[in-house]
Amino acid sequence: MTQDTSLEAPALPRFALPLAPEDFLARHWQRAPLFMPGAASGLAHPDADTLAGLALEPEVESRLILGAGDGPWSLEQGPLEAERFAELGERDWTLLVQSVDHYLTEVSLLLDDFRFLPGWRLEDIMISYAAEGGGVGPHYDQYDVFLVQAAGRRHWQLGPVCDDSSRLRGDVPLKMLADMPVTEEHIAGPGDVLYLPPGVAHHGVALDSDCITWSVGFRAPDYRDLLAEMVAETLADAAPTLYQDAGRALPGDPGRLDAGERDAMLEQALALFDRGAARNALARWLSTPRQSGLDFLVDPAHIRAADSDAVLVRHGGVRLLLVDDTAWLNGEPWPLQGGQLALAGLLARQRRYTDKELAAVLDADGRALLDHWMDQGYFAEL
């Protein structure tokens, strides 16, 4: 697949906190919303046509939501047909395209400006395109999100912190709050950014046509899922181990499970849990991208025109995480040796690289590893 490179004024997406990162983490992260006027730039790409094109692709997760106010509301899951967009009116609909950064590498470069948080915490960038009046209704998310206004204006209303006990509407195909008292309001224009901690109710309505909003979402592991992954990794190569009781004494009461036997069986089962395998399961889970986007080619012309010093870029569909002396790339471990550790550290910390940065960490071992990763499409020359 190829991408349109005919961009009028190439610029890479950027974001800057308007306060010290330490202050943001202490006062706002997972605690309180923050509206940041003019905190982002370089958001002209992708445009509406590019987003619509992504929504036609079967491997791209997309949704079309029609409705406003009390409704009626409807939800259509992608992939969509091109003719569907011609049938839409001029108001009250929204197209959501998930994980756009996985497919358009230049979009993923915005994530380099979130290095005040660990890289494994980032999930993806969803982008919405809305006609005037479009939105998804009052709702809350279970993860942190930065809502970056790229084009048009959006009216944001914020409400209280919600949880699973909050009452939802039962007459719509969306997880929409039945009631949302408004505690705060903002009009977001191009470049404005709204940070929301998990659970904060919010409702955004497009005030113009061509309203585009980027949603930078964060990965919040559910410990139930992690435990399931750890157990599965532990048992993957474990031999069957059956209960044995040769030489046992007569039961005092054959209808009762003896407490000693119960505890012994529990101890034997828990003894199968291997912490090394559990650590691998955690690294595999955290380094696996939400979607596979490697079939979408990197657009080197766009990135090179915006940053002439960059000579290499990490594909937007790649998650890279260092754990001890192992690089975990898209869920697969790569044991490192020699200078490979310094190279992998650079590649994991950021998404685009200059000749000077690469020369400082590349030796023969690192060059071989990088060449292999480039052959696999994980990294691309500019």
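**Helix packing and a few residues**

A: Helix α10 and helix α12 (residues 364–375) pack at an angle of about 45 degrees, with their axes 8 Å apart. Axes here are lines fitted to C-alpha atoms, for helices over the stretch in contact, and angles run from 0 to 180 degrees between N-to-C directions. Helices (H or I, at least four residues) and strands (E, at least two) are DSSP runs, numbered from the N terminus. This is a predicted model, where local features need pLDDT of at least 70, side-chain atom pairs count only at pLDDT 80 or more, and totals for chains, interfaces and linings use all residues. Residues are numbered from 1 along each chain as its sequence is written, and side-chain values use heavy atoms, with hydrogens and water left out.

Q: What do you call α10 and α12, then?
A: They're oblique to each other. Angles under 35 degrees count as roughly parallel, over 145 as roughly antiparallel, 65 to 115 as roughly perpendicular and the rest as oblique.

Q: Which residues make that contact?
A: Q340, L343 and L347 come from α10, and D365, G366, L369, L370 and W373 from α12. Contact means heavy atoms within 4.5 Å.

Q: OK, new topic. Where is R351?
A: R351 is in the loop between α10 (340–349) and β18 (352–354).

Q: Is R351 buried or exposed?
A: R351 is buried, because its relative accessible area is 13%. The cut-offs are under 20% for buried, over 50% for exposed, and partly exposed in between (1.4 Å probe, protein chains only).

Q: What does R351 touch?
A: Not counting residues up to four places away in sequence, R351 touches S108, L109, L111, D112, L122, L312, V313 and R314.

Q: And which strand is L322 in?
A: L322 sits in strand β15 (residues 320–323). L322 counts as partly exposed, because its relative accessibility is 31%. Leaving out residues up to four places away in sequence, L322 touches A327, L336, L341, A344, G345 and A348.

Q: How far apart are L322 and Q244?
A: In sequence, L322 and Q244 are 78 residues apart; in space they're 42 Å apart, C-alpha to C-alpha.

Q: Switching to cysteines: how many disulfides are there?
A: Zero, from a search of the whole structure. A disulfide is a pair of cysteine sulfur atoms within 2.5 Å.

Q: What about C211, buried or exposed?
A: C211 counts as buried, at 0% relative accessibility. C162 is buried too, with a relative accessible area of 12%.
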